[in-house]
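Here is a friendly tour of the pockets and salt bridges in one protein model. Have a look at the sequence and fold first, and then we can go through them together.

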Amino acid sequence: MSKEKHMKIVVENLIKNLEKRHMEGHYFRTKDELLSYLDNELKSGEKITSGGSVTLKDLGVIDYLNNREDVNYLDRASAKNRDEVVGIMKEAFTSDSFFFSTNAITRDGVLVNIDGNGNRLAALVFGPDKVYVVCGTNKICDDVDSAYNRVKNIASPPNCIRLEKNTPCAKTGKCENCLSPDCICNQIVFTRNSREVGRIKVLIVDGEWGY
């Protein structure tokens, strides 16, 4: 019970700090609460895209979007070849809503992300009307340094293993600062503020979700 109260305090303070940075924060105790929020948040006819994310899959967001018959969700998993995948990635810039999960977020509201292709982070920075950042409470870190360490040594190695990348971290379990052709850490973005108030909405779900 005390752990639950502690996490509630942590997230409440995080949401206040996100507001100072002109981002919205919302806290959900369960994935069902998250999906119920999306029922009212996403409007009929919206074009929706997403970045690659284990978190979105684990929380049922991908299935939810595919099952919403009133929205136009462009799912990369439906692509027949690499050209179609890239085409869907580029569609993100003209989408109404873009979904992805942050690699880490600091207590004071800074998003810390690393990407291989850069499409996910490019859409975060510019393009879609709304960006939904879905993450578990396991992604919350004390500060930028600990968040960056989390991204390099907790999130990236298992992702490389999952994607069957031939990188040093897939063998050693920790970041080796590689320049491998398979590197998924080519782009690093720290999002400390949103110029457009409320464009970025951080949806925090209690528990450990994704990497």
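The second largest pocket has a volume of about 250 Å³. Of its 15 lining residues, Leu 124, Val 125, Phe 126, Glu 196 and Arg 199 are the closest to its centre. At least two lining residues each come from α6 and β9 (187-191), and β9 gives the largest share with 3 residues. By class, this lining holds 7 nonpolar, 4 polar and 4 charged residues.

A word on the basis: this is a predicted model, where local features need pLDDT of at least 70 and side-chain atom pairs count only at pLDDT 80 or more, while totals for chains, interfaces and linings use all residues. Residues are numbered from 1 along each chain as its sequence is written, and side-chain values use heavy atoms, with hydrogens and water left out.

A pocket here is an open set of points on a 1 Å grid, where a 1.4 Å probe fits, with protein on both sides within 12 Å along at least five of seven lines; lining residues have an atom within 4 Å of a point. Helices (H or I, at least four residues) and strands (E, at least two) are DSSP runs.

Now to the charged pairs: the structure holds 11 salt bridges (a side-chain nitrogen of Lys or Arg within 4 Å of a carboxyl oxygen of Asp or Glu).

Relative accessible area counts as buried under 20%, exposed over 50% and partly exposed in between (1.4 Å probe, protein chains only). Lys 201 is buried at 7%, whereas Glu 24 is partly exposed at 30%. Both residues also belong to a salt-bridge network with Glu 41.

Lys 130 in strand β7 (residues 130-136) and Glu 46 in the loop between α2 and β2 (47-50) are 84 residues apart. Lys 130 and Glu 46 are both buried.

Definitions and conventions
Points joined across faces, edges and corners; volume = space filled by probe spheres on them. Nonpolar A, V, L, I, M, F, W, Y, C, P; charged D, E, K, R; others polar.
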